[in-house]
Amino acid sequence: MNRLSRLSGWHFLLLLIALPVLITLFSLVAAFFNPDLETLSHLVRYVLPDTLLNTLLLVLGVCIASGLLGTSLAWLTAICDFPLRGFFSWALFLPMAIPGYVMAFAFVGLFEFAGPVQSLIRDSGFSSGWFPNVNSYAGVTLVLTLVLYPYIYLLAKNAFQTQGKRSLEVGQSLGLSPRQSFFKVAVPMARPWIVGGLLLVGMETLADFGTVAVFNYDTLTTAIYKSWFSLYSTSAALQLAAVLVLVVAVVVALEKRTRREQRYAQARNLAMRPHKIKLRGWNRLAAVALCGLTFVLAFVLPLYQLLAWSLPEFSVELTAELWSYAKGSLSLATIAVFIVVSLALSMAFIARLHEGMFSYIAVRLSTLGYALPGTVLAVALYVPITYIDHQLQALGVAANTLQGTLVVMMLAYSVRFMAVAYSPLEANFLRVTSSVDLASRSMGISGIKMLYRVHMPMLKTGLLTAIVLVFVDVMKELPITLMTRPFGFNTLAVRVFELTSEGLWERAALPAIVIVLAGLMPVILLISRADAHSRAS
Amino acid sequence: MKQEFSNKSLSLVFLISGLLSLSGCEKTNDLAVNGNDAEQAKSLVVYSSRNEHLIKPVFERYREISGVDIQYATDKAGVLIERLKAEGVNTPADVLITVDAGTLGYAAAQGIFQPLDSKFIRDVVPAHLRDENDFWTGLSLRARTIVYSTERVPPKALSTYAGLGDAQWHNKLCLRTSKKVYNQSLVAMLISEYGEPKAETIVQNWVKNLAIAPTSNDTKVMDAIINGQCDVGIVNTYYFGRLQLKQPDLPLALFWPNQKMAGSGVHINVAGAGILKHSKNAEAAKAFIEWLVTSEAQAIFAGVNQEYPIDPAAEITPSVSAWGQFKASPQSLSNAYKLQPAAVKLMDRVGYK
């Protein structure tokens, strides 16, 4: 009895954290009670066969490409030593600050038939017929990879940095070359991080609308928007979204199952870091080339294109309002980081203390929001909230207690970005052996005190990763911000969207550049601190 | 040492964040105060799917002349309509402004408007550009027409929208994606003119004639024609106008199709507005929408986006009238939304992406 009541307190808290997600999912499930069979049968016959295949190919392509790229870059910058390593170490994260559809437009603008690159080829008297078509599967996969690989890069780097010297040394003493120890020791031990990153990348790809729209590449999300906005069938849209979430839930559950029995705690404490492997000869050149090429493609080129666009319209957009948009973006991102990361931390902590089916399900559900197309999520959460508002009003509370307030916005952000904050924290918690908990309890440190005094210092890299990821993601976020912001409140992302949806790319370029810059400042600050921290130890 | 160092960095971040969030909160408080003002008649709330830079100049001018302050939220039309349905009687909004007759018709069918009931609007706006049940009115006009290369296409080769499906345009046609509402409305017009089976053949022939995959926007269609990837395309007039402002010697021209076809003409569409059913300031909202169709407001609309005035008697901006006069389709826009899902499904069937 005593045990039961103690458990229920924590579990209640967990349930409370999962509540916004549950409300959102409930909206999706409710749509099944009112099926629009006419629209569904049309979709099944003419739309879904293509879009499902497209979606599968895209998710696979982007996951494989960004998995390979992110993991190798992380290994190089975390474990190896080569010229410019220090610079690449943080610079390779920067592309994440560029919204996917902005990168897409910059790429298409540069490389399409009418763009400057192909025009230059033709003007020099050659044919540009051989030039690969940028409006293609390869094009959209490349662009999504370039914006999404940083998730895996950051998480995998975090894993490699905390792996400790011992494991690699053991590998080397068994006669493994550096390359072998990468595949046989480092990568398997980093699996929760890499897979966590892959899940984020996969979910973001599923939920993406803006980037695929630039390429006119139809995915399941495109079909959801089509049902809703073009076929006027909200119920078909929500049902498709429910199916999408279900598929993600199954994939996540399967993945967790296959590594249920494995442990990832390090043998010795964090301070024991491996010496960097000094690369020589061709390896050295290849490392610089890979990092350099990625940085140029994913950051320098798109930024160059944005600058080129913004110059003629510089004075039009460079107004006092630009500053207020930036302030709006930064303050939202900051508040959201506090809320989302603290919720994710509490959840990870409770789930650790009370392993079991209840915690497992609560956690898995809470991290599904990232796979939902943003607009669907915003509406699926907003509709029940207005219902609650109406009920509160019936009870005598003032009208619109919730809607139009920051509360709704933050609830929606926490549904959307919980996975982003939770992944790095969950992975980092795996590094902390259960003997640490035992030892700390034996010294009379338990509960919140244990989290604060024992776990927190060991979670620092995970925490920093979570903060950076959520911050940058909120800076770029659009549909939730658009729908739930107070009147007259604008962010940079909203401004970019307003201009680009009218095709005014030249004017949108400057606010887009400011998103990148504003997103970068805290990122560089945090990452350089994290690096200094890892060097100092 | 290590511990202290990283604690310091964390607290620095916390400090910066704290300051920023404070400034954020201040902002929200200001807004809350403004929100209360909205309940007095000196202020209106507009939900708009027209983007901020297109509507703000109009709102600002209205405040100057009437003293009514206008607050607004912009979003996609579909989202705003769901939002209004969810907010119900508690909505702070008085007016919905959105683009496309189909969307306006859908909004009206969702029961979110109240009748405009304005003699002034009935007098100024032609009947086919208003809702037959008086739930919304058009505010400005845009034409979706044929654009062609002046270097490679003699205008006499062009005739109708359906004609773009002829074999002579094989591998020479460029179209924007079927996911854009402008193309859905255009195909809806074809359905109402030709019937669904014939319209399906026309669109199928368009798809056969495509030189490149459908583009993500109208400007890309014109870029492709300029660069010789195709010869003809279909665009909204103001996109052409915008490009012309930047490059006055554009090797492109507009062609007005369906001029000799009885009961037909150039496909036109509107940006429009209606008073919301749960508006607490319906009178002020009506006065505002009435002002929007006056020549002063129409001139601002035309100025920011090179559109045609909704009032046939009003003067057309010189840069716009330079494109020539045309006969517009006389079809009523009231029922466009009923045909739009059929148009979308038709385009899915023939593989128009």
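1. Is A:Cys291 buried or exposed? This is a predicted model, and in it A:Cys291 counts as buried, at 0% relative accessibility. The closest cysteine sulfur to that of A:Cys291 belongs to A:Cys80, and at 9.4 Å it is too far for a bond. A:Cys63 is buried as well, with a relative accessible area of 18%.

2. On to the disulfide. A search of the whole structure turns up 1 over all chains: B:Cys174 pairs with B:Cys230, with 2.0 Å between the sulfur atoms. The link joins distant parts of the chain, 56 residues apart, running from strand β6 of chain B to the loop between α8 and β7 of chain B. Both B:Cys174 and B:Cys230 are buried. The torsion about their S-S bond is about -100°, so this disulfide is left-handed.

3. Now the charged pairs: there are 28 salt bridges over all chains. One of them joins A:Asp50 and B:Lys353, at 2.7 Å from N to O. This pair crosses between chains, from helix α2 of chain A to the segment after α13 of chain B. A:Asp50 is partly exposed at 38% relative accessibility, and B:Lys353 is partly exposed at 34%.

4. Please look at B:Asp348 and A:Lys226 too, whose side chains form a salt bridge at 2.5 Å, N to O. Here the crossing goes from helix α13 of chain B to helix α11 of chain A. Both B:Asp348 and A:Lys226 are buried.

5. Within chain B, B:Glu151 and B:Arg152 form a salt bridge, with their closest N and O atoms 3.8 Å apart. B:Glu151 is exposed, at 59% relative accessible area, whereas B:Arg152 is partly exposed, at 34%.

Methods. Residues are numbered from 1 along each chain as its sequence is written. Chains are lettered from A and ligands numbered from 1 in the order in which they are written. This is a predicted model: local features need pLDDT of at least 70, side-chain atom pairs count only at pLDDT 80 or more; totals for chains, interfaces and linings use all residues. Side-chain values use heavy atoms; hydrogens and water are left out. A disulfide is a pair of cysteine sulfur atoms within 2.5 Å. Helices (H or I, at least four residues) and strands (E, at least two) are DSSP runs, numbered from the N terminus. Buried means under 20% relative accessible area, exposed over 50%, partly exposed in between (1.4 Å probe, protein chains only). A salt bridge is a side-chain nitrogen of Lys or Arg within 4 Å of a carboxyl oxygen of Asp or Glu.
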